[in-house]
Amino acid sequence: MVWIESLPVVPAYMDVANSRWLWLSTVPVVSVVLLQAAIFFRRAWSDGKEIGLSDDQLKSGFKTGVISAIGPAIAVLVGMLALIATVGGPVAWMRLSVIGSVAFELPAAELGVSQFGYSLGDSDITETAYATAVWSMTLGGTGWLLVSAFGTPHMEKARQKLGEGKDALIPIIGAAAMLGAFAYFLTGEVASGTPETGSVATGGLVMLILLQIADNKEIQWLREWALGTAMMVGLLVGVALQVTVGTWW
Amino acid sequence: MSGNTDSVDGQHSGDGVYETEFIPYINKWGRRTNALAVLLSLGPAVALLTVFDILPPTQAITGAFISVAATFGIFWVVEPLSYYPVLGIPGTYMAFLSGNISNLRLPCAAAAQESADVQTGTPKGSIISTIAIAASIGVNTTLLGVGAFALVSTFQALPELWQNALDSYLVPAVFGAIFAQFGRDYPKVAGAGFVLALAMTMLLELGYLGVFPGYPLYMVIIVSVFGTILIARWMWKQGMIEPPEES
């Protein structure tokens, strides 16, 4: 029958992942984000006038916020493709509207399914492994929320305590942690085959080139589009390698 | 309440309202909303449990959480601290609730401060960035919501080769790109991290990590992350690396 043949190779858990119930379950938390934005916005607008900001300044700030958000949000949308492909529409939408970014959510999901020996993109991922990915993203994301919820009032003191000497180390430790983690992620991909390796290398190379151009010519939009472009080109190279040379290991 | 003295331009006029009313209000509601979001973010996980009766074994959840904490735990503290000077107190609550900070919230806040002609770090700057970030949250949530609905069906309509391609080759490219983004600033650290991770991955694949309990994936992560941090710290003390200039 036609409908059996047209069944996609999408893993079975995708029915659950794209179900109405999951869409519904994402509504409350996304509402909190919008609610907070509305509360803060109202108060900032009225207190802004109090402290001497003009209507024009407030409007210009608002307008710039809207305009500047459109480009990056579309770029996030392209990045969301990878997340939709692996965890479904609702969870992808929620994770990228609340807390997350593609750079956190993908690895967090990968760490979830890897508990069962799977890797994102495997077609036989079980519903349990998928649920582990959801838990992994959710619990992993709470760290930022808790620190910002209870740490923000103390941030100023903490910053000063860290002192000058260690101030310089903060960005270095952050970048080193990121490099170590992504080195681990990408070596796992390199181990899976030639097309994956080509995709890793291309993604990195395109990113380097685009960021270099953006820096030299001061092109902000290029920075916003760099990751989206790098992943699309990396994808194309991966496919090209798959259909031409296949894999060597 | 207090008068809005137009006299002093910039920081000092209206500091009273900002410090005594705006910030306490923001702290009160910021704490509540972000803490509430912690609970509500469990929505999909709870739906999987209650509606579909899917609950992973505790050890799988724990294992995944430990791996995520080992990889990203440091950012829970490092990122709020690092971005705080630019975002201000309201911006910190909002940005860490809504995510996409470096690629969306920070640029929006900075651009708005520029266009409204206020200084970063001042009360006026903080108010303008609050407004800009709120605006960006509206745009982002709407665009992604429409996109997620539309893209799900688009994805399912794609031919097999491309579905497979999206599944298999988009993620490695993201990993490569992010690695390159940070590697630009710290090529030596990137080199060290890559060699370390490759060595650990090969040890894992060849079964040499069998002395550790369970599936010792976590050893690869811990050694890759903390090994790279220790190497970077050592390099910094040797004067081999330094943070990039703020652009």
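1. Chain A exposes about 9900 Å², and 66% of that comes from carbon and sulfur atoms; areas here are Shrake-Rupley values with a 1.4 Å probe, and for residues only the protein chains shown count as cover. Before reading on, bear in mind that this is a predicted model, where local features need pLDDT of at least 70, side-chain atom pairs count only at pLDDT 80 or more, and totals for chains, interfaces and linings use all residues. As for bookkeeping, residues are numbered from 1 along each chain as its sequence is written, chains are lettered from A and ligands numbered from 1 in the order in which they are written, and side-chain values use heavy atoms, with hydrogens and water left out.

2. Chain A has 11 helices and zero strands, counting DSSP runs (H or I, at least four residues, for helices; E, at least two, for strands) numbered from the N terminus. Of its 249 residues, 58% are buried (under 20% relative accessible area; exposed is over 50%, partly exposed in between, with a 1.4 Å probe and protein chains only). Take the contacts in chain A between residues at least 6 apart in sequence: 61% of them join residues at least 24 apart, a contact being heavy atoms within 4.5 Å.

3. Have a look at Ile127(B). Beyond its neighbours within four places in sequence, Ile127(B) contacts several residues of chain A, including Ala44(A), Ile51(A), Leu53(A) and Leu58(A), as well as Tyr18(B) and Phe22(B).

4. Helix α5 (residues 89-97) of chain A is worth a click: nine of its nine residues are buried, so the helix is largely enclosed by the rest of the structure. Among those buried residues are Trp93(A), Met94(A) and Arg95(A). After α5(A) comes Ile99(A), with a positive phi near 70°.

5. Ser199(A) sits in helix α10 (residues 194-217) of chain A and is buried, at a relative accessible area of 0%. Not counting residues up to four places away in sequence, Ser199(A) touches Gly234(A) and Gly238(A) in its own chain, plus Tyr169(B), Pro172(B) and Ala173(B).

6. Two loop residues in chain B deserve a check of their backbone. Most residues other than glycine have a negative phi. Asn100(B), not a glycine, has a positive phi of about 50°; Asn100(B) lies in the loop between α3 and α4 (101-115) and is buried at 2% relative accessibility. Asp117(B), also not a glycine, has a positive phi of about 60°; Asp117(B) is in the loop between α4 and α5 (123-157) and is exposed at 63% relative accessibility.
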